[in-house]
Amino acid sequence: MIENYKYNLDNFDVDWFRETVVGRTLLNSRSFQRKFKGRIEEVYWKPNEFLKKIAEYIWDKTNIREMDHWTLIFGYEGSGKSSFSIMLYNALMQQRNEELGEDLDIKEFLKNDLIFMQSEYAKATYNYTKNKHLGKQHPIIIDDAHYVFGKYYGQTSETQSLLQIARFVRSQQIIHINNTQVPQQLFADIWRERVNTYLYCFAVDVMSAKTQRIKNGHLYVAFYNMETSQDLREDPIIRKPLFWRKILSRHPPDMITRFDVLFPYTTELYQTYKSVKNFYAKFYQYLRYKGVTKGKYFELIFKILTQIARAYKANGRVSQYLLGEIIQDFISIMPDQTKKKLNEYLIIWEDLNTGLWTLDKELFELAIRNADLLLLRNKIFSADETTLTTAKVKHSDEDEEDDKL
């Protein structure tokens, strides 16, 4: 199957692209005519060559300038942002192996390099200063970046600290692969100041000639270099990613390709990504259902689940008494208002019959089913919490006041 795809990739050449609806849209664009003088071969790249070229571009930019690189992949839901993030990560890891003469296992490192929560970003970037196997010019994926750098969190002390970290990691030359639906979902400090290059994903429906119904979809991605990304950033049209014709017509990309034909090459990587993403999706969705909204509560509950997973793997089970001890350890370092809030959300509560604290059943089972994943993520992010009573968490007066709102 893969061999056939390698052969078929040759069919996606310039002549093929010229006759597609995307190619015709570009050829009919005045901006494209001014920029490329109608030379479609200058903007279209075969899918595998497209990824290789971008990886080289990003690598060279981080290497020459000795700075980090932020690329933002945006596009509407279903446009393939996460899939392309995995492809770009794969290409960058291959580039890294080639440039540094290494042979890092890309599938295993993907488990290291997926970021879903704010605290994970802070811990991961710190690890880059300690772990020689990560080092400089290493890619990470901030998937659904609005969960990490999203402005709806508000300018809390936690978010301000995170934005400071994002500025201070420049010298570590980390390659940030971010994806979100529209750039404005992120804080301006990120999408206007930190992002160097933009990638725009969109889908083109394929109609059946017989039934005139949608039978398929082709996924495209357009790349804007560091100079042209500035022009794209200033146009409000990027708030409407469904309008791919208008975006391409106003802002012809520096490179473009169709990337769904590369899916067979990254199937294993995508399955690895999905296994991690599915856990986080269930975790976030259930806590939202319970009414939890603040980032610090998500972080704290995640730590509780990790401790339950550790106890389960060590003992083969977690008794009601052991669960009560675990939660009691957390309560001992919680501000009263935090404990009150988690009790109100019915995340934790005291069993009146036994006097022991307990945890919501769904969350408890989520921890047991995903024990291996939780411990892996805990190890990756250096969150050694084997002795919770000694890991005192500092809470400012601002946090206490925030809890009262």
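1. **Confidence.** This is a predicted model. Mean pLDDT of the protein chain is 87, and 90% of its residues reach 70 or more. Among the elements, strand 7 (residues 255-258) has the highest mean pLDDT, 98. Helix 20 (residues 397-404) has the lowest, 40.

2. **Stretches to treat with care.** Over residues 1-7, pLDDT stays under 50. The model has 6 contacts beyond four places in sequence for residues 1-7. Over residues 383-405, pLDDT again stays under 50. For residues 383-405 the model has 39 such contacts, beyond four places in sequence. Where pLDDT is low, the predicted coordinates should not be read in detail.

3. **Strands 5 and 6.** Strand 5 (residues 197-207) and strand 6 (residues 214-224) run antiparallel. They are joined by 10 bridges. Val204 stands opposite His218 in strand 6.

4. **Helices 15 and 17.** Helix 15 (residues 295-315) packs with helix 17 (residues 336-344) at an angle of about 80°. Their axes are 12 Å apart. Helix 15 and helix 17 are therefore roughly perpendicular to each other. Helix 15 makes the contact with Tyr297, Leu300 and Ile301. Helix 17 makes it with Thr338, Lys341 and Leu342. The residues of this contact divide into 4 nonpolar, 1 polar and 1 charged.

5. **Asp144: check the backbone.** Most residues other than glycine have a negative phi. Phi of Asp144 is positive, near 50°. Asp144 is in the loop between strand 3 (139-142) and helix 9 (146-149). Asp144 is buried, with a relative accessible area of 19%. The cut-off for buried is under 20%.

6. **Gln173: a positive phi.** Phi of Gln173 is near 55°, a positive value in a residue other than glycine. Gln173 is found in the loop between helix 10 (157-168) and strand 4. Gln173 counts as buried, at 6% relative accessibility.

Key
Residues are numbered from 1 along each chain as its sequence is written. This is a predicted model: local features need pLDDT of at least 70, side-chain atom pairs count only at pLDDT 80 or more; totals for chains, interfaces and linings use all residues. Side-chain values use heavy atoms; hydrogens and water are left out. Axes are lines fitted to C-alpha atoms, for helices over the stretch in contact, and angles run from 0 to 180 degrees between N-to-C directions. Helices (H or I, at least four residues) and strands (E, at least two) are DSSP runs, numbered from the N terminus. Angles under 35 degrees count as roughly parallel, over 145 as roughly antiparallel, 65 to 115 as roughly perpendicular and the rest as oblique. Contact means heavy atoms within 4.5 Å. Ala, Val, Leu, Ile, Met, Phe, Trp, Tyr, Cys and Pro count as nonpolar, Asp, Glu, Lys and Arg as charged, and the others, Gly among them, as polar. pLDDT is the predictor's confidence in each residue, from 0 to 100. Two strands pair if DSSP finds at least two bridges between them. Buried means under 20% relative accessible area, exposed over 50%, partly exposed in between (1.4 Å probe, protein chains only).
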